[in-house]
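Morning, everyone. Please look at the sequence and the model on the screen, and I will go through a few points.

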Amino acid sequence: MRLVRLSANAGGRLLAAALFAIAALALAPRPSHAAGEYSVQEIVDAGHGFFGEASGGLAKVIEKAFQQYGLPNGYILGQEGSGAFVAGLTYGEGTLYTKNAGQHDVFWQGPSLGIDYGGNGTRAMMLVYDLPSIESLYARYGGVSGSAYVVAGVGMTVLKSSNVVLVPIRTGIGARLGVNVGYLKLTRQPTWNPF
């Protein structure tokens, strides 16, 4: 009988220790994001610094991107110009920012085709998701452009190449109306060739 009490007592202690450990893990502070990823606040701050305080809808668009795609592990800040009359072209340049691999110049260009007319000059922030290395950024990213999501003059589209996802967020001046299908080719050096 005494042996059974010791076993039950030891089992109770073990159970209590396990419950205490689980409670401690549940209450322990967790990092808000993995190493190398950006929080919503970091991206909003970078966007406000780049776009200026005039972009009131920026935070809402960034929050929408975070809800759909999670935390990016890089972002690009740059400028682009584009124009279209059924067929169109886009050219841009900027800087990729990462926590683990530093800053890198990036250029982009690409054709488009669709029911699309006009031209615009924009400032662009591109959120970069699932970027395994800097080299994998330089590729063609396909997608559908248009007014997929617009708040207060800020627009968001989604482009993908392999597992890397780009979410360009743009605000700027010009007049452009329509929807188009195309791609952006990201390169290390500027080029006039959009293909």
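A pocket, on a 1 Å grid over the protein atoms alone, is an open set of points where a 1.4 Å probe fits, with protein on both sides within 12 Å along at least five of seven lines; its lining residues have an atom within 4 Å of a point. This is a predicted model, in which local features need pLDDT of at least 70, side-chain atom pairs count only at pLDDT 80 or more, and totals for chains, interfaces and linings use all residues. Residues are numbered from 1 along each chain as its sequence is written, and side-chain values use heavy atoms, without hydrogens and water.

The second largest pocket has 17 lining residues, with Gly36, Asn73, Asn100, Leu131 and Pro132 nearest its centre.

Next, two helices, meaning DSSP runs of H or I with at least four residues, numbered from the N terminus. Helix H2 covers residues 40–51 and helix H3 residues 58–69; their axes come within 10 Å and cross at roughly 145 degrees. Axes here are lines fitted to C-alpha atoms over the stretch in contact, with angles from 0 to 180 degrees between N-to-C directions. In contact, that is, with heavy atoms within 4.5 Å, are residues including Ile43 and Phe51 of H2 and Leu58 and Phe66 of H3.

Last, confidence: pLDDT is the predictor's confidence in each residue, from 0 to 100. The chain mean is 76, and 70% of residues reach 70 or more. Helix H1, residues 2–27, is lowest, at a mean of 40. Where pLDDT is low, the predicted coordinates should not be read in detail.
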